[in-house]
Structure formats: C-alpha cells, structure tokens
Amino acid sequence: MTKVLYIEHDDDNLYMLKTRLEQCCDFKVFAAEDSEKGCKMAASEHPDLILMDLEMPIMVRWEPVGGLKNDPHTRDIPIIGLSAYALDSEREKAIATGCVEFNAKPIEFESLIATMRRGVVKPK
C-alpha cells in the first residue's frame, strides 16, 4: 500500500480527495490541515508521496516545500504541488522549489492519479 500525505487547509477538498484516493486506489492517506503539521507528519510518517496545497495558512507560500526538500529525512519524498493558480509560472515555480509535478485546482481526479502512477509513486 502506498502512503500518501495530503496537506490541505480546506476541509471539503481534504475529505473529498482523501476519500476518493482510499476508495479507488491502493493508497493509505494521512492528512494535515496546515503546512506546519504536514511537515511534522512527513518526518514522522515517512510517506511515499506528498500532495500539498501551495496556498496554505501558517507558513509562507513556498517555505514548506523548501523545508521538506532541505531536510535529510524528507528530501527524497516526491511532492505534487496543488494550487488554484493554473498559470504556467505557478507550475514552473513549484518545480523550481522542489515539487516533482504540479496540478491545478479544481483537481482532475483521473489526471492526478495518472501523474501519481506515471512514476512519481512506484508500486510496492
């Protein structure tokens, strides 16, 4: 089973995506409602993948991704950035900061799954 950490401050988005991932796929999804908790969970749970909303309260916008990539305990965990800002510059910034991929909101579920399966998450 693939362990996924989903960091999202919107309760509805969190519930919907977590539920769908667990029901249709072989994913165990852990959730954090803010970046600070998410970074702590990444270190303690060692997920195979992190889905991270890039518009989060508490930490400055790109700080959580940079922090995870600079930490030797979490630097190798792939991060898919999620944001309602669907500009090319947003994707470029996400990749430059350390995300392996970027998906615009609203999430296209099948596209996200394809991204996850395309090699971001290797089957165990």
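Predicted model: local features only at pLDDT ≥ 70, side-chain atom pairs only at ≥ 80, totals over all residues.
1. Five strands form an open sheet in the order β2-β1-β3-β4-β5, and their pairing is parallel. At the edges stand β2 (27-32) and β5 (101-104), each of which pairs on one side only. From one strand to the next the twist averages 20°. As background, strands of a sheet pair through backbone hydrogen bonds, either parallel or antiparallel.

2. The pairing of β4 with β5. Strand β4, which covers residues 79-83, runs parallel to β5 and is joined to it by four bridges. A reader who wishes to locate this pairing in the structure may look for L82, whose bridge partner in β5 is N103.

3. Helix α1, its length and its start. This helix spans residues 11-24, and its 14 residues reach 20 Å from the first C-alpha to the last, close to the 20 Å expected at 1.5 Å a residue. At the start of α1, the backbone nitrogen of D12 has a side-chain oxygen of D10 within 3.0 Å.

4. The two sides of α1. The buried residues here include L14, L17 and L21. They lie on the same side of α1, because the arc they cover around the axis is only 85°. This spacing can be read against a general rule: an α-helix has 3.6 residues a turn, so residues three or four places apart point the same way. The other side of α1 carries D11, D12, Y15 and Q23, which are exposed.

5. Helices lying across the strands. Helix α3, made of residues 63-70, lies across β3 (49-53) and β4, and its direction is at about 160° to that of β3. Helix α4, made of residues 88-97, lies across β4 and β5, where it runs at about 145° to β5.

6. The faces of α4. In this helix E90, A94 and T97 are the buried residues. Seen down the axis of α4 they fall within an arc of 70°, so they line one face of the helix. The cover over these buried residues includes α3, β4 and β5, whereas the face turned away from the buried side carries D88, E92 and A96, which are exposed. After α4 comes G98, which has a positive phi, near 135°.

7. The side chain of K105 makes a polar contact of 2.7 Å with the side chain of E8.

8. D26 is found in the loop between α1 and β2, and with a relative accessibility of 48% it counts as partly exposed. Leaving aside neighbours within four places in sequence, D26 has contacts with M1 and T2.

How values were computed:
Residues numbered from 1 in each chain as written. Heavy atoms only, no water. Expected span 1.5 Å × (residues − 1). Buried < 20%, exposed > 50% of the residue type's maximum accessible area, 1.4 Å probe, protein only. Arc of directions from axis to C-beta. Polar contact = N/O pair within 3.5 Å; in protein donor to acceptor, adjacent residues only side chain to side chain. Pairing = 2+ DSSP bridges. Axes fitted to C-alpha atoms, helices over the stretch in contact; angles between N-to-C directions. Contact = heavy atoms within 4.5 Å.
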